[in-house]
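Here's a quick briefing to read alongside the model. Have the viewer open and follow the topics in turn.

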Amino acid sequence: MASAQLISGTELAKKIRAEVAADVAALRARGVTPGLTVVLIGDDPASAVYVGAKERASREAGMAGETIRLPASTSQAQLLALVEQLNQDVRVHGILVQMPLPKQIDPDTVIRQIRPDKDVDGFHPVNVGKLLIGETDGFAPCTPAGVQRMLVEYGVETRGANVVVIGRSTIVGKPMAALLMQSGPGADATVTVCHSRTRDLASHTRSADILIVAAGRPRMVTADMVKPGAVVIDVGMNRIADPTTKSGTRLVGDVDFDAVRQVASLITPVPGGVGPMTIAMLLRNTVRAAQRTLPA
Ligand code: NAP
């Protein structure tokens, strides 16, 4: 079989960001500038990179972005008070508290403090519940929402398709399954969710028309685990040692890309696949939050 066509998250994210920029311009014409406030606590280098990218992207889209950087010693009470202040601030439409948080702060308590209509990450229990019920006025988490959009944009038929998701985390695997099992466009799939306790993982993955991998295990999905012609979406982002690069490390996904590419029909690369979509969908959610503040 010829090697798979690439799904370019980089290109698609550009398109979504252009749509977002147009929506931002329309909102500004009506006197509303969408505002995304990101809170970064401590000095985790990976978090700093993610936050920098979100800040840049929101500025490029014409939003009023702000990043509040606090020391690692910040108490939970201080963070909750800040979130409450942002909840009250009418200029702030989206609030994102970058994870992971220092040990003294309970992430679930912080997520519950964010007003659901400003929770553009889609992690508040109200938004999680709305997603499961199929109510569309909440916010879906950005990474799985980005994956769904990729499938739609590349014309992948999800209706009636066997989708296998590897991973059951709250931020990727579970909401991914919830999105694809809804009724409607880009959904209507028959979804199987696999995890570390799944017996004979390959027997499940080989039945997948669409295989979505979010396990955080470098190159765990090998070619023999993939049905010929399947669509493979690799959410994994793993930094591995690579002495041939300047930094001494390299980013790889959860899929053995070179081998699986020979079997699949469509595949996402890492980097340049799901990653850029996550930020684009964050901007999308922030614009929606701002649009919902307009009088009907
Ligand atoms: P996570 O919370 O660690 O969850 C990993 C999931 O994979 C768990 O449900 C785990 O099962 C399952 N798993 C682990 N090893 C497995 C195995 N050998 N066989 C079957 N299932 C296995 O990770 P996450 O936050 O969902 O992230 C997953 C990956 O996506 C990571 O590489 C992360 O960096 C990446 N990610 C990328 C983006 C992006 O924008 N591209 C966004 C978020 C995350 P148990 O539940 O049984 O432990």
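**Helix H5 and its neighbours**

In helix H5 (residues 125–133), the buried residues are Asn 127, Lys 130 and Leu 131. Looking down the H5 axis, these buried residues sit within an arc of 100 degrees, so they line one face of the helix. This is a predicted model, where local features need pLDDT of at least 70 and side-chain atom pairs count only at pLDDT 80 or more, while totals for chains, interfaces and linings use all residues. Residues are numbered from 1 along each chain as its sequence is written, and side-chain values use heavy atoms, with hydrogens and water left out.

- Buried here means under 20% relative accessible area, exposed means over 50%, and partly exposed is in between (1.4 Å probe, protein chains only).
- The arc is taken from the directions from the helix axis to the C-beta atoms.
- Helices (H or I, at least four residues) and strands (E, at least two) are DSSP runs, numbered from the N terminus.
- On the other side of H5, Leu 132 and Ile 133 are exposed.
- The buried residues of H5 pack against helix H7 (173–181), with contact meaning heavy atoms within 4.5 Å.

**The 3-strand sheet**

- This open sheet has the order E3-E2-E4, with parallel pairing; two strands pair if DSSP finds at least two bridges between them.
- Its edge strands are E3 (66–70) and E4 (94–97), each of which pairs on one side only.
- On average, neighbouring strands here are turned by 15 degrees against each other, direction ignored.
- Strand E2 (residues 36–41) runs parallel to E3, and 5 bridges join them; Val 38 has Thr 67 in E3 as its bridge partner.
- Helix H2 (residues 45–60) lies across E2, E3 and E4, at about 165 degrees to E2. Axes are lines fitted to C-alpha atoms, for helices over the stretch in contact, and angles run from 0 to 180 degrees between N-to-C directions.

**The 6-strand sheet**

- The strand order is E1-E11-E8-E7-E5-E6 in an open sheet with parallel pairing.
- E1 (5–6) and E6 (190–194) stand at the edges with a single partner strand each, so one side of each has no neighbour in the sheet.
- Strands E7 (residues 210–213) and E8 (residues 231–234) run parallel and are joined by 4 bridges, and Ile 210 has Val 231 in E8 as its bridge partner.
- H7 turns up again here: H7 lies across E5 (162–166), E6 and E7, running at about 170 degrees to E6.

- Met 99 and Pro 100 are joined by a cis peptide bond with omega about 0 degrees, and Pro 100 lies in the loop between E4 and helix H4 (107–113).
- Val 270 and Pro 271 are also joined by a cis peptide bond, with omega about -5 degrees; Pro 271 lies in the loop between strand E11 (266–267) and helix H10 (274–291).
- Asp 188, in the loop between H7 and E6, has a positive phi near 60 degrees despite being a residue other than glycine. With 25% relative accessibility, Asp 188 counts as partly exposed.
- Asp 200, in the loop between E6 and helix H8 (201–205), is not a glycine either, yet has a positive phi of about 50 degrees. With 51% relative accessibility, Asp 200 counts as exposed.
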